[in-house]
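Subject: Structure handover

Hello,

Here is the structure for your work. My notes on it follow below.

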Amino acid sequence: MSSDITLYTYGTPNGHKASVVLEELNIPYKTETVDIMTNAQKEPWFLDINPNGRIPALKDGNLRVFETGAIMLYLTDKYDKDYKISYPHGSADYYEMLSWLMFQMGGVGPMQGQAHHFVAMAKARSDYAIERYATETKRLYSVLESRLSSHDWLAGDKYTLADVANFTWVKSSPVILEFDLSEWPGVQKWVERISEREGVKKGLNVPPSTRTPDQTKELFASMRAKVAAMENTDKR
Ligand SMILES: N[C@@H](CCC(=O)N[C@@H](CS)C(=O)NCC(=O)O)C(=O)O
């Protein structure tokens, strides 16, 4: 297979959605790291690729694709001709896959993203915001559990991009939010199943991680502690 893909990314749940799909489909690609810690995603050269100024984004020749849902669908439309991790357009399974993808794009991603922010990155502590977004994230995990308690995969009878999209977020929750995944046993087993895949292991290391898992745990623990030490700013 040949391609002229460059993935502009950083080591986050959204970045990993794109790199896992690329690795699962064995698509050759170049990686360009966009350091969101220094706000590189807001520089003009990057806004030409993603006007929304967020990672990841992708170029395939002259074509640009931004938003992870669009990136995943583009990659499977163009490079997953054998339907390894997708379904034929128009099939019932395709729309089920799309439904779980949109559930992630409109639910798990934004809600858990806010939970990450208020728990570990906020400049002011709000117990109300922490409670609101952590509770909503847990509710969304219960929706995943309603499917995964009796099925191996979210859509149909195989692993698809819908699993990838939800997985990269769910697997980060024990480290960032201190969630105990045993609260959702079907989800926990699904995370373990997906984590064993070679394409997933490779995709989660794009760009190559500069910290060990223990160092990452320590980093988020210290970020949480910093927020927890602030005075709660909620007005009641
Ligand atoms: N809906 C977007 C979300 C992308 C997103 O939020 N990316 C984060 C990293 S996980 C980012 O670039 N954050 C930096 C910023 O918001 O400026 C997508 O799915 O691509």
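In this predicted model, an oxygen atom of the ligand sits 2.8 Å from an N or O atom in the side chain of Gln41. The side chain of Lys42 also has an N or O atom 2.8 Å from an oxygen atom of the ligand. On the nitrogen side, a ligand nitrogen atom is 2.8 Å from an N or O atom of the Glu67 side chain. Taken on its own, the ligand has 510 Å² of accessible area, and the protein covers 78% of that. The residues around the ligand are Thr12, Asn14, Gln41, Lys42, Gly53, Arg54, Ile55, Glu67, Thr68 and Met105.

Helix α3 takes in residues 68-79, and at 1.5 Å a residue its 12 residues should span 16 Å. The C-alpha atoms at its ends are 16 Å apart, which agrees with that expectation. Nine of the 12 residues are buried, so α3 is mostly covered.

β1 and β3 run antiparallel and are joined by four bridges; Thr6 has Lys59 in β3 as its bridge partner. β3 and β4 are likewise antiparallel, with four bridges between them, and here Leu58 is partnered by Val65 in β4. β3 and β4 form a hairpin with two residues between the strands. Gly61, in the turn, has a positive phi of about 65 degrees.

The last item is Asn166, which belongs to helix α6. Is Asn166 buried or exposed? Its relative accessibility is 0%, and buried means under 20%, so Asn166 counts as buried. A polar atom of the Asn166 side chain lies 2.9 Å from the backbone oxygen of Ala162. Setting aside neighbours within four places in sequence, Asn166 is in contact with Trp100, Phe103, Gln104, Val108, Leu144, Leu154 and Trp190.

Regards

How values were computed
Residues numbered from 1 in each chain as written. Predicted model: local features only at pLDDT ≥ 70, side-chain atom pairs only at ≥ 80, totals over all residues. Heavy atoms only, no water. Expected span 1.5 Å × (residues − 1). Buried < 20%, exposed > 50% of the residue type's maximum accessible area, 1.4 Å probe, protein only. Pairing = 2+ DSSP bridges. Near = heavy atom within 4 Å. Polar contact = N/O pair within 3.5 Å; in protein donor to acceptor, adjacent residues only side chain to side chain. Areas by Shrake-Rupley, 256 points an atom, 1.4 Å probe, with all protein chains shown as cover. Contact = heavy atoms within 4.5 Å.
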